[in-house]
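Let's take a walk through this protein together. Have the sequence and the picture side by side as you read.

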Amino acid sequence: MADNTAAAQEALSHGATTRNAPAGTGLAHGFQDADDVLPPYHIEAQTSLVERPLRSLKFGEAFGVLDSYGDIGVQPGPEGLYFQDTRYLSRLEVTVEGQRPLMLSSVMQDDNGALSVDMTTPDIRLDAHDETSIPRETIAIERTKFLFRGACYDRIGLRSFDSKHRRLRIAVTFDADFRDLFEVRGTDRKERGKRGVLVASDREVQFRYVGLDEIVRTTALHFGPKPDLIEPGRVAFDVSLPPEGKVSLFIRVTFEAHRAFTKPPTDTMVGEDAAAKLTLAANAGGARREPKDLGEGMIFARAYRDSRRDLRTLTAGITTIISSNDQFNEGLCRATADLYMLASRTPEGIYPFAGIPWYSTVFGRDGIITAMMALWIDPKFARGVLRYLASTQAKAVDPAADAQPGKVLHETRRGEMAMLGEVPFRHYYGTIDGTPLFVMLAWEYYAVTGDLETVRAIWPALELALNWMDQYGDRDGDGFVEYARDTDKGLENQGWKDSHDSIFHTDGQLAKGPIALCEVQGYVYAAKHGMAKLAALLGHDPLAERLTQQATILREKFDAAFWNEEIGTYALALDGEKKQCAVRSSNAGHALFTGIAKPERAERVAETLLGKDGFNGWGVRTIAKGEARYNPMSYHNGSIWPHDNALIAMGLARYDRKHEAARIFQGMFDTSLYQDQKRLPELFCGFMRRKQRGPVSYPVACSPQAWAAAAPFAFLAACLGLELDHAGNSVRLKNPILPGFLDGVTLYNVRLGGSHLDIRFQRYDDDVTVSVQRRHGDVQVVVTK
């Protein structure tokens with residue numbers, strides 16, 4: 001890892017921040033913002049998530065944040081076992097004769113299927129007056145943990161390498177606080193429900209919480225074999241180990257919400273409540289029922305086997321990548337594993353939850369962008385995202401949810417605070433970009449798959465989304481889509497940079513709405529172009545013609561209103577008075593990504609993005625150095641986001657600026673080498689790259705994060721100029737290049753219609769050769785300059 005301790009401490013002194021209205025940096029610049037208090041839904045941080053390694057498990061709506069031992073809550077932090085935005089287990093610690101074992105190794109399996117921990121016993125004195133009774137390193141401890149279908153499975157295997165017979169006490173302490181995720185993040189609550197704990201049998205302890213929302217949440221810990229001591233919060237096993245002897249102990253934690261909902265869904269939704277829909281999925285409910293006569297060892301073995309089968313089924317048929325660089329291969333392996341770990345099944349298909357620990361739920365924008373970047377390796381993500389968001393689209397005006405008919409979901413939450421309305425996110429629509437991105441994804445999905453059935457199924461939702469853009473999105477009728485929140489509980493800023501201080505003028509003053517964001521106009525432009533093509537396919541020619549004309553007009557209006565010659569790029573936004581927020585930002589790169597930027601502007605935009613103030617050696621900053629609110633430790637005002645950089649790279653490639661795209665790709669690969677498990681985080685700090693040092697971590701960044709996991713695939717596709725064209729039955733490669741860290745890359749099982757093929761790329765200095773290694777079907781490979 002990089003030398004990040006000092007920077008992380010400095011970041012905490014400024015206030016750690018969150019996707020939902022992060023703390024600002026105004027005080028650092030002398031601005032007086034919003035009574036100088038922390039904004040709503042701020043993630044408080046007394047410890048940094050990067051000061052010690054954490055391990056993440058996930059299945060369906062459940063996820064676990066563990067320390068490297070596989071324990072929970074030994075130190076303060078977000079560790080826990082969570083289900084439906086509630087912490088069902090807040091402490092779990094295993095000790096040997098009252099001591100923590102000695103760590104040997106702690107790794108997530110390559111596919112994220114389980115955590116594997118190797119430990120050994122420390123020096124143990126069974127009597128304080130004696131010499132060491134059991135020397136260290138005589139007993140090996142192997143721990144395996146995984147999540148599957150409503151339960152967390154934990155096996156602790158002990159094996160003696162001692163010549164003597166040994167007796168040990170293995171103790172497990174545990175607790176369940178049933179804190180809402182927003183409480184864990186730092187939100188105070190005046191009242192809570194009632195909690196109880198009981199010893200249910202000689203092998204089981206149960207915790208029960210009756211929330212203020214009248215939902216009964218339970219956590220049960222099942223132990224095997226029968227513990228020698230069992231009481232609320234603690235069990236102990238007296239283990240006898242002969243020479244070369246082996247013993248396995250099992251802990252199975254199950255979690256359930258006994259009544260899913262007590263309140264009817266609001267009329268904002270189409271059909272069922274957006275959050276409730278998740279429970280209908282096969283893997284999203286509570287624990288599966290096991291036969292009473294089945295031992296914990298057999299239960300563990302069956303669940304482990306079934307979890308492996310489930311993962312193989314989920315990933316069957318995807319495109320895989322092998323390169324000449326082993327470290328890049330490791331990063332791709334982890335990115336793939338992260339994508340499928342974060343994927344949750346819904347009745348409409350798989351949906352990538354945004355990230356662990358703070359955003360392990362449906363986010364509209366995150367899911368769409370993740371699906372876009374992963375489209376060429378597995379279109380199942382896009383199909384699931386499109387169908388889910390169509391089914392949960394708002395159908396009525398609901399100011400409390402920032403909803404209007406046709407608007408696409410921002411996020412859904414299932415915790416007690418959301419159910420009670422203490423936070424507005426039960427099903428919340430406060431996003432300005434999710435709706436045009438939804439339409440944009442629909443065309444891109446069809447272009448790759450030719451799946452007209454899905455397009456027909458979601459066509460009414462696409463038409464509603466178009467209507468929303470024109471009627472509700474364009475608040476003042478000027479042709480631009482802008483936002484202003486309808487509820488004081490909602491997000492102040494509703495683009496992807498939704499910190500309360502992320503949209504500002506050159507003097508640092510916050511912009512007042514309604515605000516028209518640079519990138520959102522690009523999303524609308526691309527959405528209307530894509531919708532026009534879909535309309536033509538379905539025989540709606542007048543609509544197709546009208547949308548094409550609207551997109552052409554929008555491009556001209558956008559250039560006139562947003563281009564700023566002085567800063568050499570497109571302005572960040574227009575405020576409510578149509579004044580430019582003339583700030584150099586990464587948002588302009590999204591104008592390249594969507595194609596709304598005029599070709600003659602591309603070079604200047606690229607120069608600004610990749611200049612010394614924009615590019616820090618690792619990636620493009622969200623806000624350029626030198627701007628009024630620039631702070632490299634902030635959430636959105638100078639930090640670096642892998643997904644943002646991936647979209648910029650795709651935009652640069654669109655305008656034939658491949659070498660700039662490769663430069664960003666190189667910086668992000670270098671970043672991954674300093675990350676735990678070579679996993680790109682949600683974001684990191686924007687300090688300038690320095691010799692002999694890695695990038696500076698952000699203290700409360702999610703890891704894994706879905707759109708960060710998808711970013712390497714977008715970088716690679718951008719450099720290869722890769723396009724899957726279903727209508728033309730061709731894989732198109734426009735002027736492919738490879739960055740310096742890659743001599744060769746092979747794409748295996750690239751699928752198009754009923755065909756699939758393997759394609760090999762080999763770099764010779766600045767040239768790349770392309771060869772088809774295997775082909776099944778009649779798909780063509782077309783290479784152009």
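Start with the residues Asn-587, Ala-588, Gly-589, His-590, Ala-591, Leu-592, Phe-593 and Thr-594, which are the buried ones of helix α13; buried means under 20% relative accessible area, exposed over 50%, and partly exposed in between, with a 1.4 Å probe and protein chains only. That makes α13 (residues 587-594) mostly covered, with eight of its eight residues buried. Just past α13 sits Gly-595, with a positive phi of about 90 degrees. Helices (H or I, at least four residues) and strands (E, at least two) are DSSP runs, numbered from the N terminus.

Keep in mind that this is a predicted model: local features need pLDDT of at least 70, side-chain atom pairs count only at pLDDT 80 or more, and totals for chains, interfaces and linings use all residues. Residues are numbered from 1 along each chain as its sequence is written, and side-chain values use heavy atoms, leaving out hydrogens and water.

Now for the sheet. Between β1 and β2 (residues 62-67), the antiparallel pairing runs over six bridges. Leu-57, for instance, has Gly-64 in β2 as its bridge partner.

How confident is the predictor? The mean pLDDT (confidence in each residue, from 0 to 100) is 90 for the protein, and 88% of its residues reach 70 or more.

Note on methods
Two strands pair if DSSP finds at least two bridges between them. pLDDT is the predictor's confidence in each residue, from 0 to 100.
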